Amino acid sequence: MSLADALLAQLDQLRQQIEYHNRQYYVLDDPQIPDAEYDRLFRQLQQLEAEHPQLLSADSPTQRVGGAPLERFAPVAHRLPMLSIRTETNSEPEGALNFDARIRRALGLGEADAPVAYAAELKFDGLAVNLRYERGLLVQAATRGDGATGEDVTQNIRTIHSIPLRLQGEALADVLPDVLEVRGEVFMSRADFAAYNQRQRQQGKATLVNPRNGAAGSLRQLDPKICAERPLSFFAYGLGEVQGWDKLPATHLEVLDALQALGIPVCEHRALAQGGAELQAFHARILGLRDQLPFDIDGVIYKVNGLELQRQLGFVSREPRWAVAHKYPAQEELTRLLGVDFQVGRTGALTPVARLEPVFVGGVTVSNATLHNMDEVRRKDVCIGDQVIVRRAGDVIPEVVRSVPGSRPADARIIELPSQCPVCGSDVQQNDGEAVARCSGGLYCSAQRKEALKHFASRKAMDIEGLGDKLIDQLVERDLVHSPADLYHLRLEQLAGLERMAEKSAQKLLIALEQSRDTQLQRFLFALGIREVGESTARGLAQHFGELEPLMAATEEELLQVADVGQVVAANVHGFFQQGHHREVIQALRDAGVHWPRLERPVAAASSPLAGKILVITGTLSRPRDEIKAELLALGAKVAGSVSKKTDYLLAGADAGSKLAKAESLGVKVIDEAELEALKTAEVS
């Protein structure tokens with residue numbers, strides 16, 4: 001063996017030894033050597049790497065704290081969205097039965113059918129993250145963010161000793177996934193939280209409020225050395241994107257077992273439950289253990305165990321049908337309701353917010369709490385001046401639970417919904433059967449302005465590249481933009497004067513604005529932000545009416561003739577175009593040069609050979625995927641995100657990857673763009 005080979009072998013052995021002892025100490029709580037011996041090994045590795053810097057590797061234990069402080073976190077687009085899980089509102093054990101009943105109905109199971117197998121886990125009170133491993137090496141870590149885009153916190157994640165920098169264990173003997181995204185929760189244990197705060201107090205420094213804030217705040221430190229000083233832990237609970245894992249398990253619990261075999265921490269409190277009764281028993285058992293656990297939880301999670309059943313159940317409103325969070329009752333305290341303010345949200349929803357005598361509840365001092373809506377105010381019988389019970393709903397959002405019977409003062413005042421928006425003065429409207437009241441100001445209301453502009457500029461709307469959230473915030477706060485039409489009157493000197501906007505960036509934005517003037521009717525309709533009008537509905541309206549004028553003049557009865565438009569959507573669309581200020585904004589946009597081609601009515605989807613067919617799109621194509629998807633949907637096809645036995649066609653472009661391989665293995669017909677055009681031509685011939 002050469003000297004170089006011997007050195008590499010020594011380095012590799014030291015790194016493996018140190019990572020082994022890290023796992024024994026931080027994950028298994030079973031240290032095998034004294035701290036002094038661990039320190040000796042670590043110093044030996046540091047010395048060798050310092051003497052031979054060319055042999056330093058990214059997965060070395062010495063690299064867990066490294067790198068200069070960041071100026072900001074870079075955005076990370078999740079390959080697969082990190083979707084939220086629906087919450088079971090019944091915090092009593094019967095909530096488990098409610099979930100089981102919904103799943104059985106969705107699967108078409110009767111009373112005589114076998115119980116559904118579920119995975120039951122804990123709901124950790126921390127911060128959700130996505131860890132991306134490529135060929136076994138940790139290459140990126142990101143927060144959940146809004147589910148579609150998070151923040152790059154790789155440097156800070158590397159300081160958490162329980163997270164392996166390289167996958168390990170017996171599971172790697174057979175296969176090393178090309179890509180493995182592990183999703184889980186970063187948290188701070190109660191003991192670590194208490195010890196950290198004790199040290200801070202002894203040093204006269206600020207303490208953390210509670211373990212959850214401690215975890216979230218630590219992970220969002222721009223300096224990784226600060227994060228490294230704070231004791232954080234991690235538990236995995238699922239997968240994101242996976243490529244090249246041929247032996248992917250068939251059930252959720254087997255996935256967790258496989259992750260654990262790869263050296264990734266997984267909570268031991270997980271169980272297989274057959275049917276709702278066993279879920280109910282798990283809920284009760286964990287509730288009894290809650291105060292004894294070494295970390296905070298705010299409930300339990302139920303998931304259908306079979307991954308194929310999960311795919312069959314799918315999603316609704318960006319939430320998986322096959323999972324639910326069953327929370328425990330939150331902490332409650334007593335205080336007095338001093339007044340009520342009405343906040344206007346991004347969709348115009350008016351939310352009554354209680355002003356309270358400050359009270360410490362759920363680890364923080366609370367002086368404001370939500371009353372949700374006026375139906376809740378009446379149901380809870382709450383008046384200004386009442387003594388009220390306040391709860392941190394889900395240990396995050398404070399809410400007023402109810403007033404205290406018999407304690408109402410003589411001067412208590414009834415809470416009334418304002419008839420005009422407190423921000424813009426537009427009429428407040430409340431549709432029959434809806435609990436939420438809304439400002440009708442829409443694009444005109446400044447409270448909705450920022451979000452309306454962000455939506456207007458988004459990729460699937462007007463697609464104005466470079467007009468990001470922070471820039472929109474500046475434009476609104478500096479009173480430069482009041483409506484979307486004002487965007488098209490911005491000048492170079494105005495943009496160049498904004499924070500982090502040089503003249504070159506400003507010029508690029510002006511070019512993007514100019515390009516966005518030439519759009520499509522369906523994009524324009526989606527960009528207007530009409531309630532309940534998503535991409536699909538906007539496309540249907542555009543194809544049905546062909547032009548904007550007849551749509552704006554349409555009655556609710558005429559709108560109901562559009563496919564997939566029901567009574568609520570028809571009322572929202574009709575009401576939107578009846579508002580004078582909405583018509584003014586639309587006219588201002590057209591005066592600014594926003595235009596689109598008139599649409600011809602499409603050939604009836606029912607006559608297309610693609611009607612009812614399931615297609616998957618992969619690879620690099622000559623046109624944007626969204627454009628192709630829109631055409632396929634108009635022809636009555638269904639566009640799925642993954643290949644299965646039910647897939648009829650895979651439309652494959654250049655550099656098609658795993659989807660192409662899977663289609664070929666399943667015998668799914670693979671077509672290119674020319675063959676797709678031939679199918680469409682056959683439809684009209």
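This is a predicted model: local features need pLDDT of at least 70, side-chain atom pairs count only at pLDDT 80 or more; totals for chains, interfaces and linings use all residues.

Visitor: Is L222 buried, partly exposed or exposed?

Guide: The relative accessible area of L222 is 31%. Buried requires under 20% and exposed requires over 50%. The value for L222 therefore falls in between, and the residue is partly exposed.

Visitor: What distance separates the C-alpha atoms of L222 and R72?

Guide: Along the chain, L222 and R72 are 150 residues apart.

Visitor: Is S233 buried or exposed?

Guide: S233 lies in strand β8, which covers residues 233–243. Leaving aside neighbours within four places in sequence, S233 is in contact with I160, S162, E185, V186, F187 and D192. Its relative accessible area is 17%. Because the cut-off for burial is under 20%, S233 counts as buried.

Visitor: How are α20 and α21 oriented to each other?

Guide: The axes of α20 (residues 567–578) and α21 (residues 580–591) come within 5 Å and cross at roughly 75°. Angles of 65 to 115 degrees count as roughly perpendicular. The two helices, α20 and α21, are therefore roughly perpendicular to each other.

Visitor: Which residues make that contact between α20 and α21?

Guide: By class, the contact has 3 nonpolar, 3 polar and 1 charged residues. From α20 come F576, F577 and Q578, and from α21 come G580, H582, R583 and I586.

Visitor: What covers the buried residues of α12?

Guide: Helix α12 runs over residues 446–457 and reaches 17 Å from its first C-alpha to its last, close to the 16 Å expected. Its buried residues are Q448, R449, A452, L453, K454, F456 and A457. The elements covering them include β14, β22, α13, α16 and α21.

Visitor: At what angle do α3 and α9 pack?

Guide: The residues that meet are E94, A96, L97, F99 and D100 in α3 and G276, A277, L279 and Q280 in α9. By class, this contact has 5 nonpolar, 2 polar and 2 charged residues. The crossing is right-handed. With the axes of α3 and α9 8 Å apart, the packing angle is about 150°.

Terms used
Residues are numbered from 1 along each chain as its sequence is written. Side-chain values use heavy atoms; hydrogens and water are left out. Axes are lines fitted to C-alpha atoms, for helices over the stretch in contact, and angles run from 0 to 180 degrees between N-to-C directions. Helices (H or I, at least four residues) and strands (E, at least two) are DSSP runs, numbered from the N terminus. A crossing is left-handed if the near helix is turned anticlockwise from the far one by less than a right angle, and right-handed if clockwise. Contact means heavy atoms within 4.5 Å. Ala, Val, Leu, Ile, Met, Phe, Trp, Tyr, Cys and Pro count as nonpolar, Asp, Glu, Lys and Arg as charged, and the others, Gly among them, as polar. Angles under 35 degrees count as roughly parallel, over 145 as roughly antiparallel, 65 to 115 as roughly perpendicular and the rest as oblique. The expected span of a helix is 1.5 Å times one less than its number of residues. Buried means under 20% relative accessible area, exposed over 50%, partly exposed in between (1.4 Å probe, protein chains only).
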